[in-house]
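Hi,

Here is the structure I promised to pass on. Have a look at it first, and then read my notes below.

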Amino acid sequence: MSRLAATFEALSKSGRKALVPFITAGDPRPDFTLPMMHAMVEAGVDVIELGIPFSDPMADGPVIQRASERALEHKMSLRRTLAIATEFRKTNQHTPVVLMGYVNPIEAMGYEDFANAAQRADIDGVLTVDLPPEEADECVALLKARDIDPIFLLAPNSTDERIKKMDAAGSGYLYYVSLKGVTGAGHLDVADVESKLNQIRANTRLPVAIGFGVKDAQTAKTVASLGDGVVIGSALISKIEANLDDLERAKKEIVELLVAMRQAMDN
Amino acid sequence: MTEKYNMPDERGHFGPYGGMFVAETLMLPIQELNAAYQQYLDDPDFIAELDADLKHYVGRPSPLYHAERWSRTLGGAQIYLKREDLNHTGAHKINNTIGQALLAKRMGKTRIIAETGAGQHGVATATVAARLGLECVVYMGAVDVARQSLNVYRMKLLGAKVVAVESGSKTLKDALNEALRDWVTNVDNTFYIIGTVAGPHPYPAMVRDFQAIIGREARQQCLDQAGRLPDALVACVGGGSNAIGLFYPFIDDRSVRMIGVEAAGDGIETGRHSAPLCAGRPGVLHGNRTYLMEDDDGEIIETHSISAGLDYPGVGPEHAWLKDTGRAQYVNITDNEALEGFHSLTRMEGIIPALESSHAMAYTMKLAPIMSKDEIIIVCLSGRGDKDMQTMAQREGIEL
Ligand SMILES: Cc1ncc(COP(=O)(O)O)c(C=O)c1O
């Protein structure tokens, strides 16, 4: 069983939901990421989504765009993101790491070289925002052959047919983007999410993590109760951005927010 | 190959290029768009309305003009200019915006968004939006807002909101990113009019089909005026819409060479250029796979060209396919060469070309002399140069 499947199964058995933070590798500096990952694990997260910086993050709002820009200023790349993940694994063998990004850096490396490198780095899942199942056959086959879960996005306008398609192509979990828009946009509508989750559940047995628009512990709790996990991105990265001159403080504020979310979700 | 050219496939692939590389939220909208497009493509009412608009509003057919003095001076092939500069709003861009706006209206969309580089597509979009009474927002890189301020003012007069995009390199690609972000946020009421043969399927095929009027007219006009098909076609390539518009109706005419001219900026060897077909490699950006300007890590690199409309790191996927199959050739022209083309046409024929089109003129100046006097080149004069007066004056140290 993959590390992701095992994680979601264990959570489900104990009646808990996955807390999944997203940070961009190398933001604001390459040496910030590894200690931040370990600190997030200590704060109680279950899965880490690690963003691969990209020059043209079309699906992201300003907060994550700027995270990419800061990382790229320090020459962060897919290769160096994989190197960080490799370091992380040396001292943590239990927390799944999912790479999230856009397909072009992966194309530039070559699908097969990437799949091999991801396997060496002991990556658990790969989520490429702009690689829908229609275009993903080759990449998905290479990843699955190496027991890496390809993770797909679902949106408020995804039809039954498309949900089934993601269910067939994906594994590990599905990521429900809870609002139409870019990352970091407004607040999600809980009633909408709830009805959509019913539709999703009717078409897949994969765990569903919900993200986009989750900013505080209360929302995390509510959203978590609807799905199997909750993804927090822009809210964390905002803490980095607000404390660029004091990164220890950024780390502390991120940990505090995650601890508050963990507590709210578990109670 | 004698088979009739029949690209793309139903999911928008030109061989390995093209496709639908979009985030899930956009999948449904592009499928809806494709369905609407396929429906109206063959709808007699739609076609009649489009044809009437192209005739009475845009001013088509545009002339095919035999540039005799310029041809004589260059001493070789006979040069014919396809006068897209004479269209309403001054460039080929309106052929496409008219078509897409009619689609938007049929689909019941009330809000139009667009990206623009030189501002020509933005103006053409703002124009049709004004005419149809639709809300219009145009995204434009902050660098381009500064160097094409005349067009910014035109768009504002036409009632469009122009948003200066401050992210990334602040040019056309970033404007496209921002328009895509707007679209995912407002998919329900918004129609995104992409200005070139880029983006996810069906845009590259749809924009080509709207621009193919250039080549259809030119082919017939050449037969009428010269009594035969041309020997070569020349067009500048930014995203590639005026070029594919000219080329497409000639693809099965094997005797006709097709040459796309990319912007070499300061020179290919300097790295400061916008020539992905000549000096890039395949990758995925803005919804399709095509040749891109990127670094070893797959990050898109900054482009450079004197002409804002060619300043784009990608190119339409059909051009990638035509390059690989050898059906078309792609060459490049530096900023300085383009300026020579600009001045030469201006002084020889009394026609001031856009800086984008000037790249096609400059290459024609190299090609015509090595062809014989009874051969024919059709060059796409994609737009007029009024919008570039400021850039030109600045380069020559003149204050307007
Ligand atoms: C006059 C003119 N020609 C050419 C272009 C380049 O676009 P494309 O390659 O899509 O024709 C532009 C773009 O703004 C333009 O304004």
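Let's start at the ligand: one of its oxygen atoms is 2.7 Å from an N or O atom in the side chain of B:Ser241. Keep in mind as you read that this is a predicted model.

B:Gly239 takes part through its backbone, where an N or O atom lies 3.2 Å from a ligand oxygen. How much of the ligand does the protein cover? On its own the ligand has 390 Å² of accessible area, and the protein covers 98% of that.

Now to the place where the two chains meet. On the chain B side 38 residues are in contact with chain A, and on the chain A side 36 residues are in contact with chain B.

The rule finds 19 residue pairs in polar contact across the interface of chain B and chain A, counting pairs with both residues at pLDDT 80 or more. Which parts of chain B give two or more residues to the side that touches chain A? They are the helices α1 (24-41) and α8 (172-185), plus the strands β12 (281-285) and β13 (288-292). Of these, α8(B) brings the largest share, with 8 residues. By class, this side of chain B has 14 nonpolar, 11 polar and 13 charged residues.

On to the salt bridges. The structure holds 48 of them over all chains, and 4 are found across the interface of chain B and chain A. In one, B:Lys173 and A:Asp56 meet through their side chains at 2.9 Å, N to O. That pair crosses between chains, from helix α8 of chain B, where B:Lys173 sits, to A:Asp56 in the loop between β2 (48-51) and α3 (62-73) of chain A. A:Arg79 also forms a salt bridge with B:Asp297, and there the closest N and O atoms are 3.7 Å apart.

Last, a few backbone details to check in the viewer:

- B:Arg60 and B:Pro61 are joined by a cis peptide bond, with omega about 0 degrees. B:Pro61 is in the loop between α2 (44-58) and β3 (64-66) of chain B.
- B:His201 and B:Pro202 are joined by a cis peptide bond as well, with omega about 10 degrees. You'll find B:Pro202 in the loop between β8 (190-192) and α9 (203-211) of chain B.
- A:Lys75 has phi near 60 degrees, a positive value in a residue other than glycine. Look for A:Lys75 in the loop between α3 and α4 (78-91) of chain A.

Cheers

Conventions: Residues numbered from 1 in each chain as written. Chains lettered and ligands numbered in written order. Predicted model: local features only at pLDDT ≥ 70, side-chain atom pairs only at ≥ 80, totals over all residues. Heavy atoms only, no water. Contact = heavy atoms within 4.5 Å. Polar contact = N/O pair within 3.5 Å; in protein donor to acceptor, adjacent residues only side chain to side chain. Helix = DSSP H or I, 4+ residues; strand = E, 2+ residues; numbered from the N terminus. Nonpolar A, V, L, I, M, F, W, Y, C, P; charged D, E, K, R; others polar. Areas by Shrake-Rupley, 256 points an atom, 1.4 Å probe, with all protein chains shown as cover.
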